[in-house]
2 protein chains.
Amino acid sequence: MDETDFLRGYDPNAFQRPSVTVDLVLLGVRNGKPAVLLLKRDQQPYQGQWALPGGFVGIDETLDAAAERVLRQKAGIGHAYLEQLYSFGAVDRDPRMRIISVAYLALLTETAFDAALQAMPALLPAAIQVPWSGEAGGPVSVVSPENGALTLAFDHADILATAVLRLRGKLDYSDVGFALLPELFTLRQLQDVHEAILGTSLNKPAFRRRLLDKGWLAATGAHEAGTAYRPAELYRFQRP
Amino acid sequence: MDETDFLRGYDPNAFQRPSVTVDLVLLGVRNGKPAVLLLKRDQQPYQGQWALPGGFVGIDETLDAAAERVLRQKAGIGHAYLEQLYSFGAVDRDPRMRIISVAYLALLTETAFDAALQAMPALLPAAIQVPWSGEAGGPVSVVSPENGALTLAFDHADILATAVLRLRGKLDYSDVGFALLPELFTLRQLQDVHEAILGTSLNKPAFRRRLLDKGWLAATGAHEAGTAYRPAELYRFQRP
DNA sequence: CACTCTAATATGCAAGTTACATATATCTTG
DNA sequence: CAAGATATATGTAACTTGCATATTAGAGTG
């Protein structure tokens with residue numbers, strides 16, 4: 001901005017400032033389906049509805065640091081793949097006051113997902129149902145086994161839909177998919193994760209060849225154990 | 001965020017809030033190269049350096065509306081392709097106070113680019129030099145014919161680099177490229193824009209076939225005039 | 001110790017896509 | 001009317017992807 005405009009900001013009382021929060025989409029794959037971790041709101045507004053974990057951005061805190069803090073404080077997760085998603089700034093998105101939210105996408109391995117549930121019992125794992133195919137975009141719905149279909153507070157349904165769309169879009173050309181898998185994994189596990197996120201089934205030999213050709217996979221020589229069939233080799237993610 | 005945390009926000013004086021601005025990357029293609037419109041800072045900090053046009057987000061203004069207002073007030077442009085880019089929240093990105101900036105990418109046709117220069121003489125058109133290929137990402141530099149290499153104020157060099165990377169990434173699979181072209185254009189003009197943004201030369205028959213197959217191009221039957229050679233057909237963009 | 005079952009891994013081939021070279025068409029200019 | 005320049009069209013090889021099929025390596029069973 002230029003200097004003239006800046007005078008607006010110099011006197012903190014001259015112009016009202018919005019509050020800024022970060023909201024996290026804690027996303028993982030459970031039972032072959034994309035899932036998200038939610039918190040129940042116990043006060044107005046949207047009391048009783050489910051919301052994404054979030055928190056205010058401190059005056060001396062970067063956006064990324066705020067997202068990491070929320071990840072730690074609200075989900076008990078010390079480290080995860082974190083990526084800024086989009087900023088939501090509708091004027092009435094919170095009925096109490098003006099709040100601009102910077103949404104982040106956090107990708108959790110199944111282990112991290114379960115660990116968060118252990119550490120923070122208030123968290124609810126909910127399956128994400130995506131009614132559109134490809135990258136068409138649009139609303140998604142959220143269901144939990146006990147509570148059935150859930151209504152999300154604020155514009156969090158929009159945020160979640162944005163997260164799903166972003167993840168689908170990046171899955172093919174980037175290496176984000178590995179953030180949903182443990183350190184060692186089989187090619188079948190990798191394909192399962194892709195199929196869960198994309199919502200389609202993929203051709204096995206083609207998928208296998210395509211990903212091996214990308215140079216992201218390092219064979220370990222080790223194999224999974226305890227299968228009633230030929231054990232698959234374990235791979236590790238490595239940047240090319 | 002949850003209710004406990006929310007108490008921080010209820011009392012406007014209890015916790016300091018950041019200011020929120022929007023900054024616009026006004027991007028076009030001039031002389032076969034990507035170009036950006038900049039404003040010179042006439043006060044501290046970064047006095048004399050060049051900055052992206054921006055402005056504070058009003059308390060009753062959405063982020064998109066703020067971006068449109070800046071587009072109108074700072075560049076005299078009534079309408080352009082606008083897309084939210086990324087939010088920049090480093091604590092010391094402005095030495096005076098905490099400011100979080102939501103960056104927007106605005107794509108201008110050559111006509112809109114020139115019109116902005118007419119309407120707002122303070123704007124400087126500067127060519128963007130991208131020293132990396134593909135989608136590697138990294139810093140870009142900015143040069144103007146009169147002033148040579150320019151130093152951008154604040155973290156605006158980062159914002160600009162993010163804009164270039166985003167545009168390169170989207171050009172192939174989306175229809176953003178048409179936002180840089182007038183209503184009627186030839187296939188050669190379309191290819192020139194792609195080559196300018198991507199920083200590579202493209203194979204003509206392949207480019208032509210690939211784009212015609214996407215179903216985005218409607219032949220008008222009209223042809224360009226005044227050429228010293230076979231005139232090219234004029235096309236119009238249409239969603240498939 | 002065969003034999004069966006299951007899924008991993010490997011391979012072959014057709015179909016589709018893309019890059020490149022080359023040919024033809026259409027305009028202006030001298 | 002030939003030359004020059006660029007648009008447009010097409011043919012072919014290289015590459016990528018989808019699908020079918022074969023082979024391999026384990027566990028379980030009689």
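1. Strand 10 of chain A pairs with strand 12 (residues 233–237) of chain A in the antiparallel sense, over 2 bridges. Strands here are DSSP runs of E, at least two residues, and helices are runs of H or I, at least four residues, both numbered from the N terminus. Two strands pair if DSSP finds at least two bridges between them. A:L184 stands opposite A:R236 in strand 12. The model is predicted: local features need pLDDT of at least 70, side-chain atom pairs count only at pLDDT 80 or more, and totals for chains, interfaces and linings use all residues. Residues are numbered from 1 along each chain as its sequence is written, while chains are lettered from A and ligands numbered from 1 in the order in which they are written.

2. Now chain B. Here, 3 strands form an open antiparallel sheet in the order 10-12-11. Strand 10 (184–185) and strand 11 (217–223) of chain B each have a single partner strand, so one side of each is left without a neighbour in the sheet. Strand 10 of chain B is joined to strand 12 (residues 233–237) of chain B by 2 bridges, and the two run antiparallel. B:L184 stands opposite B:R236.

3. Chain A overall. The secondary structure comes to 6 helices and 12 strands. Its C-alpha atoms fill a box of roughly 70 × 45 × 35 Å along the principal axes. Of its 240 residues, 38% count as buried. Buried takes 20 or more other C-beta atoms within 10 Å of the residue's own, exposed 12 or fewer, and partly exposed lies in between; C-beta atoms are placed from the backbone.

4. Helix 6 (residues 204–214) of chain A is hardly covered. Among its 11 residues, the count of buried ones is 0. Just after helix 6, A:G215 takes a positive phi of about 80°.

5. Helix packing in chain B. Helix 4 (residues 156–171) and helix 5 (residues 187–198) of chain B pack at an angle of about 135°, with axes 9 Å apart. The helices are therefore oblique to each other. B:L167, B:R168 and B:L171 in helix 4 meet B:H194, B:I197 and B:L198 in helix 5. These contact residues divide into 4 nonpolar, 1 polar and 1 charged.

6. The interface. In all, 34 residues of chain B are in contact with 35 residues of chain A. Contact means C-beta atoms, placed from the backbone, within 7 Å. Helix 1 of chain B gives the largest share of the chain B side, 4 residues. By class, that side has 14 nonpolar, 11 polar and 9 charged residues.

7. Backbone points to check. A cis peptide bond joins A:Q44 and A:P45, with omega about -5°. Another joins B:Q44 and B:P45, with omega about -10°. A:P45 is in the loop between strand 2 (33–40) and strand 3 (50–51) of chain A.

8. Positive phi outside glycine. A:N31 has phi near 55°. With 10 C-beta neighbours inside 10 Å, A:N31 counts as exposed. B:F154 has phi near 50°. With 23 such neighbours inside 10 Å, B:F154 counts as buried.

Technical notes:
Axes fitted to C-alpha atoms, helices over the stretch in contact; angles between N-to-C directions. Parallel < 35°, antiparallel > 145°, perpendicular 65-115°, else oblique. Contact = placed C-beta atoms within 7 Å. Nonpolar A, V, L, I, M, F, W, Y, C, P; charged D, E, K, R; others polar.
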